[in-house]
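I opened the model to look up a few residues and some overall values. My entries follow in the order I made them.

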Amino acid sequence: MLDVLTAVLILTLVGVWLAALGRSTMPRAERLPLGAWRVPEVVANIAIGYRQLVAVHERMRWTAGRRDHPGG
């Protein structure tokens with residue numbers, strides 16, 4: 001039972017972190033107040049946050065590749 005609760009807690013924290021990351025990428029004027037969020041907004045913000053995380057990872061990989069092979 002504790003393992004299930006731990007997994008739920010971890011998934012919840014990751015979801016909240018991704019939603020906050022997704023929300024922070026929007027211009028301030030377009031952001032909804034946190035109290036106005038419903039399930040669709042949360043899911044959309046998680047998706048946006050995940051895409052941002054993937055984009056940052058790809059930029060880091062590209063930068064590391066350029067640093068490892070400066071002539072190519």
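**Asn45**

I started with Asn45, which counts as buried because its relative accessibility is 4%, under the 20% cut-off. I note here that the model is predicted. Asn45 is found in helix α2, which covers residues 39–68. I then listed what Asn45 touches, leaving aside neighbours within four places in sequence: Leu18, Ala19, Gly22, Arg23, Met26 and Trp37. I looked up the buried residues of α1 next and found Gly15, Leu18, Ala19 and Gly22 among them.

**Helices**

I looked up the secondary structure, which comes to 2 helices and 0 strands. Helix α1 takes in residues 2–24. I checked its length: 23 residues at 1.5 Å a residue should span 33 Å, and the end C-alpha atoms of α1 are 33 Å apart, so the two values agree.

**Leu21**

Which residues does Leu21 touch, not counting those up to four places away in sequence? I found Gly49, Gln52 and Leu53. Leu21 has its place in helix α1. I also took the C-alpha to C-alpha distance from Leu21 to Ile46, which is 7.8 Å for two residues 25 apart in sequence.

**Pro27**

I moved on to Pro27, which lies in the loop between α1 and α2. Its relative accessibility is 46%, so Pro27 counts as partly exposed. I took the distance from Pro27 to Leu9 as well: they are 18 residues apart in sequence, and their C-alpha atoms are 29 Å apart in space.

**Salt bridge**

How many salt bridges does a search of the whole structure find? The search finds 1. I looked up Arg61 and saw that it forms a salt bridge with Glu58, with the closest N and O atoms 3.5 Å apart. Both Arg61 and Glu58 lie in helix α2, and they are 3 residues apart, about one turn of the helix. I then compared each with the exposure cut-off. Arg61 counts as exposed because its relative accessibility is 53%, and exposed means over 50%. Glu58 has a relative accessible area of 40%, so it is partly exposed.

**Surface patch**

I looked for nonpolar surface and noted a patch of about 390 Å² made by Met1, Leu2 and Leu5. Leu2 lies in helix α1. With a relative accessible area of 64%, Leu2 is exposed.

**Whole protein**

I finished with the overall values. The radius of gyration of the protein is 17 Å, whereas a compact globule of 72 residues would have one near 11 Å. I noted the box that the C-alpha atoms fill, roughly 50 × 40 × 15 Å along the principal axes. The accessible surface comes to about 6,000 Å², and carbon and sulfur atoms account for 68% of that. Lastly I looked up contacts between residues at least 6 apart in sequence: 50% of them join residues at least 24 apart.

Notes
Residues numbered from 1 in each chain as written. Predicted model: local features only at pLDDT ≥ 70, side-chain atom pairs only at ≥ 80, totals over all residues. Heavy atoms only, no water. Helix = DSSP H or I, 4+ residues; strand = E, 2+ residues; numbered from the N terminus. Buried < 20%, exposed > 50% of the residue type's maximum accessible area, 1.4 Å probe, protein only. Contact = heavy atoms within 4.5 Å. Salt bridge = Lys/Arg side-chain N within 4 Å of Asp/Glu carboxyl O. Patch = residues over 30% accessible without salt bridge, like charges linked within 9 Å, V, L, I, M, F, W, Y side chains within 5 Å. Areas by Shrake-Rupley, 256 points an atom, 1.4 Å probe, with all protein chains shown as cover. Expected span 1.5 Å × (residues − 1). Rg over C-alpha atoms; globule rule 2.2 N^0.38 Å.
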